[in-house]
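Good morning, colleagues. Please take a moment to look at the structure on the screen, and I shall then walk through it.

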Amino acid sequence: MKITVRYFALLRERAGRDAEVLAWDDAEPTVQRFRAHLAEHVPALAAMLGDRSLLVAVNREYATAATALKDGDEVALLPPVTGG
Amino acid sequence: MAPDREKARVQREPFDVAAELERVKRTSLRTGGVVLFVGVVRDFSQGRGVTKILFEHFPGMAEAKLAELRDAAISRYGLIDLVIVHRCGELAPGDDIVLIAAAAEHRAAAFEGCSWCIDELKKVVPIWKKEHAPDGAVWLEAHP
């Protein structure tokens, strides 16, 4: 399936891009497993992807490690927010 | 009444504090008080000088979270109306960052609703700041 990944703030800078579409298939397509896949795909982000403070939004809603992904989903990687 | 999206928005340009105050006031003549919070860029942070701050947001999700926050604050504190505006892009010390205007029948709800709103905004709305100082720029890790 295809997943659109969006990177923000420090992750965007480390990844060197703000978005990409990845083809990914997994028997248990959860956010947690996708994070592990991304850590291999973008080694520069491996440490940050392993940090629990990094939040994930799926289709613009906060997701958990167990959230299931489906074809066409947008996965956004969100460092701890610092607005205001 | 203005569409709600005007009452929970992200924009690059400066906001007009008096106009936003007027916007929440004119919602209802039941309003007995408005509490305004304006967050401003400081020229220091954690012992370093700050020359500018870049605010990055997640377009679409940031506005949606601001709208959810607005709805939640209105129902939680029984507010009559609430406006939240957050800026994006590069801001200099002294520039306004965020405005929250909470209107209620009585002041206690307005103060509490406004205070809760800015605290929650800092936890849930996908906006990030990169502070620029004479010795370099850093993305803030988390709120102190």
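This is a predicted model: local features need pLDDT of at least 70, side-chain atom pairs count only at pLDDT 80 or more; totals for chains, interfaces and linings use all residues.

**The enclosed strand and its sheet**

I begin with strand β8 of chain B: eight of its nine residues are buried, so this strand is largely enclosed by the rest of the structure. A residue is called buried if 20 or more other C-beta atoms lie within 10 Å of its own, exposed if 12 or fewer do, and partly exposed in between, with C-beta atoms placed from the backbone. Helices (H or I, at least four residues) and strands (E, at least two) are DSSP runs, numbered from the N terminus.

Residues are numbered from 1 along each chain as its sequence is written, and chains are lettered from A and ligands numbered from 1 in the order in which they are written.

Where does β8(B) sit in its sheet? The sheet is open, has four strands in the order β1-β6-β8-β2 (chain B), and shows mixed pairing. Two strands are said to pair if DSSP finds at least two bridges between them. At the edges are β1 (8-11) and β2 (33-40) of chain B, each of which pairs on one side only. From one strand to the next, the twist averages 10 degrees.

Let us take the pairs in turn. β1(B) pairs with β6 (residues 81-87) of chain B in the parallel sense, over four bridges; here Val10(B) has His86(B) as its bridge partner. β6(B) in turn pairs with β8(B) in the antiparallel sense over six bridges, and the partner of His86(B) in β8(B) is Val98(B). His86(B) therefore has a bridge partner in the list for each of these two pairings, by the criterion that DSSP bridges define pairing. Finally, β2(B) and β8(B) run antiparallel and are joined by eight bridges, with Val40(B) partnered by Asp96(B).

**The helices that cover the sheet**

Which helices lie across these strands? Helix α2 (residues 61-77) of chain B lies across β1, β6 and β8 (96-104) of that chain, at about 145 degrees to β1(B). Helix α3 (residues 107-124) of chain B lies across β2, β6 and β8, at about 150 degrees to β8(B). For these angles, axes are lines fitted to C-alpha atoms, for helices over the stretch in contact, and the angles run from 0 to 180 degrees between N-to-C directions. Two residues are in contact if their C-beta atoms, placed from the backbone, lie within 7 Å.

The length of α2(B) can be checked: at 1.5 Å a residue, its 17 residues should span 24 Å, and its end C-alpha atoms are 24 Å apart, which agrees. The expected span is 1.5 Å times one less than the number of residues. Among the buried residues of α2(B) are Leu66(B), Leu69(B), Arg70(B) and Ala73(B). Just after this helix, Gly78(B) takes a positive phi of about 60 degrees.

**Chain B as a whole**

Chain B comes to three helices and ten strands. Further along, β9 (residues 127-133) and β10 (residues 136-139) of chain B run antiparallel and are joined by four bridges. These two strands form a hairpin with two residues between them, and His132(B) is bridged to Ala137(B).

Buried residues make up 36% of the 144 residues in chain B. A compact globule of 144 residues would have a radius of gyration near 15 Å, and chain B has 16 Å, which agrees. That radius is taken over C-alpha atoms, and the globule rule is 2.2 Å times the number of residues to the power 0.38.

**Chain A and the interface**

Chain A has three helices and five strands, in the pattern β-α-β-α-α-β-β-β along the sequence. Of its 84 residues, 32% count as buried.

How many residues of each chain meet? In chain A, 13 residues are in contact with 24 residues of chain B. On the chain A side, the elements that give two or more residues are α1 (9-15) and β5 (74-78). This side divides into nine nonpolar, three polar and one charged. Here Ala, Val, Leu, Ile, Met, Phe, Trp, Tyr, Cys and Pro count as nonpolar, Asp, Glu, Lys and Arg as charged, and the others, Gly among them, as polar.
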